[in-house]
Amino acid sequence: MTLPVTDLATAPQILARCRDLVRPALTQAVRRLHPWPAEMAAFSLGWSEVGGRPVPGPRAGSHGKGVRQALTVLCAEAAGGSAEDAVVGAVAVELIHTFSLLHDDIMDGDETRRQRASVWKAYGTGPAVLAGDALFALAVETLADCGTVYSGAAVRHLAGTLNDLVRGQAEDLLFEARPWTGPEAVSPQEYRSMARHKTGALLGCAAGLGAVLAGAPAATVDALARAGRQLGVAFQAVDDLLGIWGDPQVTGKPVHSDLRRLKKTYPVLAAVSADGPAARRLVALLTSGNPLDDTAARRAAELIEEAGGRSATLAEARDHLERARDSLGSVPLAPAAVGDILTLLPFLVDRRM
């Protein structure tokens with residue numbers, strides 16, 4: 001299959017079209033929750049402030065690009081269905097994504113997300129766990145009640161993803177206790193496997209679910225799901241870069257936030273595993289037993305770049321982006337929808353630092 005030429009300038013419009021299509025159904029779904037978890041969900045989605053007061057004007061719902069819901073819509077279209085076929089799946093995926101962020105912030109101790117308090121910081125840990133559980137249950141219920149002949153297949157598709165998400169998160173948490181060097185150190189290959197489950201699983205689910213709801217054959221579902229998983233690994237690699245070198249106004253997180261937590265991200269692991277003086281100095285800094293203050297974090301970032309961690313991570317992202325393109329080209333798909341998907345791929349990976 002010959003893939004169409006893409007136009008990066010249209011990517012924001014593609015995302016906006018999908019968000020506008022999904023938003024009414026997503027709003028209706030959240031309203032089905034108990035008022036308290038619904039308020040926390042609305043806060044997490046950027047619709048309201050603490051206490052439920054709506055966010056005014058263009059800021060409302062501006063949190064996040066809606067990548068996963070867009071993939072569900074576009075992949076349904078690519079598989080020969082309509083955008084409307086995929087709305088219920090896009091809602092379920094967005095609910096699961098929001099649930100995962102609520103729980104991830106608790107596990108990672110992140111006090112901010114997207115330039116304001118995370119849900120657990122604003123409402124408390126227990127309430128945030130409850131809100132995440134409510135979103136999880138609502139996502140499954142939404143698909144189960146969608147009233148099409150594909151609802152059973154859609155729920156099974158989502159269930160497999162949830163198992164993968166748990167596996168990836170478990171691996172990520174276990175990495176924290178492992179050393180930086182030696183036979184027990186986390187390798188870049190192990191980290192890649194974790195990213196494929198933790199981040200790739202939901203993007204793969206988003207893509208495959210659109211095809212499932214469009215009634216596509218198994219080969220098409222598998223190809224689109226593979227493309228989404230590859231995009232997920234690329235997406236995670238770029239997130240890792242942004243955690244070290246990102247602009248806080250873009251990322252919504254403090255500068256060097258991952259470094260301060262000594263998080264084992266791909267750039268650090270690639271740098272540590274390199275052979276050279278910069279890698280050795282980086283290991284000495286990371287294993288000193290001292291917390292990384294501003295000066296030490298800046299020095300660590302310099303050493304990671306000097307040891308090749310930044311360039312290795314960019315190469316990793318680009319490699320998986322190409323694999324995503326290959327998967328899209330492996331089965332017959334609607335050209336216009338594929339063009340929209342291909343437009344999003346580099347836009348999502350080549351995010352601003």
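Me: How many disulfides does the count come to here?
Reply: Keep in mind that this is a predicted model. A disulfide needs two cysteine sulfur atoms within 2.5 Å. Cys75 is in no disulfide, with the nearest cysteine sulfur, that of Cys18, sitting 10.0 Å away. By that rule, the count comes to zero.

Me: Is Cys205 buried or exposed?
Reply: The cut-off for buried is under 20% relative accessible area. Cys205 comes in at 1% relative accessibility, and Cys75 at 2% also counts as buried. So Cys205 is buried.

Me: How many salt bridges does a search of the whole structure find?
Reply: Side chains of opposite charge can pair when their charged atoms come close. One case is Asp275 with Arg280, whose closest N and O atoms are 3.8 Å apart, inside the 4 Å cut-off. Searching the whole structure gives 22.

Me: How many residues apart are Glu141 and Arg32?
Reply: These two form a salt bridge, with their closest N and O atoms 3.3 Å apart. Glu141 belongs to helix α6 (residues 125-144), while Arg32 is in the loop between α1 (11-30) and α2 (35-44). The pair thus links distant parts of the chain, and the separation is 109 residues.

Me: Which helices hold Asp164 and Arg229?
Reply: The side chains of Asp164 and Arg229 meet in a salt bridge at 2.4 Å, N to O. The pair ties together parts 65 residues apart in sequence, because Asp164 lies in residues 151-175 and Arg229 in residues 218-245. Those helices are α7 for Asp164 and α10 for Arg229.

Me: Which residues are linked with Arg261 in a network of salt bridges?
Reply: A salt bridge takes a side-chain nitrogen of Lys or Arg and a carboxyl oxygen of Asp or Glu. In this network, Arg261 is linked with Asp108, Asp110 and Asp258.

Notes. Residues are numbered from 1 along each chain as its sequence is written. This is a predicted model: local features need pLDDT of at least 70, side-chain atom pairs count only at pLDDT 80 or more; totals for chains, interfaces and linings use all residues. Side-chain values use heavy atoms; hydrogens and water are left out. Buried means under 20% relative accessible area, exposed over 50%, partly exposed in between (1.4 Å probe, protein chains only). Helices (H or I, at least four residues) and strands (E, at least two) are DSSP runs, numbered from the N terminus.
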